[in-house]
Amino acid sequence: MRRAFGLEFLQWYGLLGAAIVWAAQLVLAYGLTVARCGAGGSFGLSLDGWEVVLMAVAVLLTVLAECAAVAVFLETRPIEHDGPPPDGRRHFFATGAMVGNLLFLTVILLTGIGIVAAAPCHQS
Amino acid sequence: MSAEAARIDRSRAARPNGWWGMAIFVATEATLFGTLIGTYFYLRFTNPSWPPAGVPEPKVLAPLLLTAALVATSIPVQVAYNAARRDRVRLAQLALILALVVQAAYLVLQLRLFVDDLHAFSPNASSYASIYFTLLGAHHFHVVVGMMLEAWLVLRLVSGLTRYRLVGLQATAFYWHFVNVLAVVVVLTQVSPAL
């Protein structure tokens with residue numbers, strides 16, 4: 001029972017975790033930039049510092065999602081990708097998530113580095 | 001074989017992995033169109049004139065009527081899946097062919113409107129033109145993909161129904177319903193400056 005619950009959680013976190021983290025990074029980074037560059041002033045924020053913190057947290061959560069996907073993949077390795085649910089579905093999700101999470105990791109890194117590297121508060 | 005595939009599908013307690021795979025694909029496509037439509041409205045609200053001077057306002061009636069026809073094809077596609085589940089393969093094929101005919105007509109007329117627009121203003125002339133053609137082009141491409149999936153299924157069903165093909169039909173129906181939801185959102189975005 002506990003194994004099934006743990007695998008179910010790892011399955012969904014491995015599949016959706018990185019996507020949600022990327023979306024959150026996008027929204028929060030946008031908010032930070034608006035706070036920094038908006039007419040109301042900078043609110044004392046160091047944009048680069050906050051962006052680096054945001055990127056680091058996002059990278060950590062994405063790496064954990066990748067670890068979750070790998071764990072589910074290894075746990076369900078004897079099952080074929082079109083095997084019966086729930087383990088067949090878990091194996092299928094884990095296979096896709098292992099690839100997808102690497103793409104999300106790349107996007108998160110590029111987003112964070114791009115914001116830090118680019119000069120803020122003007123049109124590109 | 002056909003009856004067995006249909007019986008197994010009806011007795012499923014959980015959705016097949018093919019359906020889940022399509023659900024993940026649809027989620028990525030929703031993200032793509034979400035960013036495109038977000039870009040459209042971001043540009044719209046940061047530009048003083050939308051569409052810019054010299055660009056005609058979008059047509060309203062023709063795109064809305066065409067979209068209504070396209071959305072209606074969700075019915076035969078769903079009928080095809082329901083028929084296949086009951087092992088009525090010929091009915092499934094006929095429903096898919098009917099859907100394909102309407103979709104082909106939609107695509108031809110939409111491409112004609114697209115080409116007319118291309119003659120009226122260039123995609124690289126303004127941010128409006130750029131996002132307008134990108135959004136419409138992306139949606140037309142998704143319609144083409146859906147039609148190819150349906151045509152492939154019509155051909156495969158000639159030699160009967162298998163579990164694999166039934167899952168393919170279920171996933172294709174799901175994709176097609178999604179494309180129709182997108183069609184409504186895209187056309188409302190497209191005609192919004194003229195409303």
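Residues are numbered from 1 along each chain as its sequence is written, and chains are lettered from A, with ligands numbered from 1, in the order in which they are written. Because the model is predicted, local features need pLDDT of at least 70 and side-chain atom pairs count only at pLDDT 80 or more, whereas totals for chains, interfaces and linings use all residues.

**Chain A**

Select chain A and display the secondary structure: three helices and zero strands, in the order α-α-α from the N terminus. Helices (H or I, at least four residues) and strands (E, at least two) are DSSP runs, numbered from the N terminus. Of the 124 residues in chain A, 29% are buried. A residue is buried if 20 or more other C-beta atoms lie within 10 Å of its own, exposed if 12 or fewer, and partly exposed in between, with C-beta atoms placed from the backbone. Among chain A contacts with a separation of 6 or more, 72% link residues 24 or more positions apart; two residues are in contact if their C-beta atoms, placed from the backbone, lie within 7 Å.

**Chain B**

Select chain B next. Seven helices and zero strands are present, giving the pattern α-α-α-α-α-α-α along the sequence. The C-alpha trace of chain B spans about 60 × 30 × 25 Å along its principal axes. Buried residues make up 31% of its 195 residues. Of the contacts in chain B between residues at least 6 apart in sequence, 83% join residues at least 24 apart.

**Helices H5 and H6 of chain B**

Select residues 89-120 (H5) and 127-157 (H6) of chain B: their axes come within 9 Å and cross at roughly 155 degrees. Axes are lines fitted to C-alpha atoms, for helices over the stretch in contact, and angles run from 0 to 180 degrees between N-to-C directions. H5(B) is therefore roughly antiparallel to H6(B); angles under 35 degrees count as roughly parallel, over 145 as roughly antiparallel, 65 to 115 as roughly perpendicular and the rest as oblique. The contact of H5(B) with H6(B) comprises 18 nonpolar, four polar and one charged residues. In this classification Ala, Val, Leu, Ile, Met, Phe, Trp, Tyr, Cys and Pro are nonpolar, Asp, Glu, Lys and Arg are charged, and the others, Gly among them, are polar.

**Helices H4 and H7 of chain B**

Move to residues 74-85 (H4) and 163-191 (H7) of chain B, whose axes come within 9 Å and cross at roughly 160 degrees. H4(B) is thus roughly antiparallel to H7(B). To view the contact, select residues including B:Ser74, B:Val77 and B:Tyr81 of H4(B), with B:Leu166, B:Trp176 and B:His177 among those of H7(B). This contact of H4(B) with H7(B) has eight nonpolar, five polar and no charged residues.

**Nonpolar cores**

A nonpolar core is a set of buried Ala, Val, Leu, Ile, Met, Phe, Trp, Tyr and Cys residues joined through C-beta atoms within 7 Å. In the largest core, of 32 residues, select B:Ala80, B:Ala84, B:Ala92 and B:Leu96, which touch the most other members. H4, H5, H6 and H7 of chain B each give two or more residues to this core, and H7(B) gives the most, with 14. A second, separate core of 19 residues includes A:Leu15, A:Ala68, A:Phe92 and A:Ala94.

**Between the chains**

Finally, display both chains: seven residues of chain A are in contact with four residues of chain B. The chain A side consists of two nonpolar, three polar and two charged residues.
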